[in-house]
Amino acid sequence: VFAHNPTIRQAPDGTFVLYMIGSGAADPSTIANCSNSSGMKGLREVNDTFTTSIYVTWSSSIRGPWPAPVPVVFNGTSPQL
């Protein structure tokens, strides 16, 4: 599970929006120990889950539930979900 630089904003309708770099998704069998980077077995081999793209998820409560993050797609100058 890898994501970094999380940023939470509150939308005008009250929804909490969480942006992150990386999807935060990975095959749990690739993680042996989350206490340091040495526990990431074969992360480079699982590069379909290791991404530097921007992802977003949202919730009506800061405590969740939060759906699976989706990529923000940049089409020209307008980001799209």
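Two residues are in contact when they have heavy atoms within 4.5 Å. With that in hand, let's tour the protein.

Before you click, note that this is a predicted model, where local features need pLDDT of at least 70 and side-chain atom pairs count only at pLDDT 80 or more, while totals for chains, interfaces and linings use all residues. Residues are numbered from 1 along each chain as its sequence is written, and side-chain values use heavy atoms, leaving out hydrogens and water.

**Whole protein.** Show the cartoon: you will find zero helices and six strands (DSSP runs numbered from the N terminus: helices are H or I with at least four residues, strands are E with at least two). Of the contacts with a separation of 6 or more, 38% link residues 24 or more positions apart. Of the 81 residues, 25% are buried (under 20% relative accessible area, with a 1.4 Å probe and protein chains only).

Next, find the open sheet of four strands, ordered 1-2-3-4 with antiparallel pairing (two strands pair if DSSP finds at least two bridges between them). Strands 1 and 4 are at the edges with a single partner strand each, so one side of each has no neighbour in the sheet.

**Strands 1 and 2.** Select residues 4-10, which form strand 1, and residues 16-21, which form strand 2; five bridges join this antiparallel pair. Look for Arg9, whose bridge partner in strand 2 is Val17. Now click Asn5, also in strand 1: its phi is positive, about 55°, although Asn5 is not a glycine.

**A cis bond.** Finally, select Gly64 and Pro65, joined by a cis peptide bond with omega of about 5°. Pro65 sits in the loop between strand 3 (54-59) and strand 4 (70-71).

Key: Buried means under 20% relative accessible area, exposed over 50%, partly exposed in between (1.4 Å probe, protein chains only).
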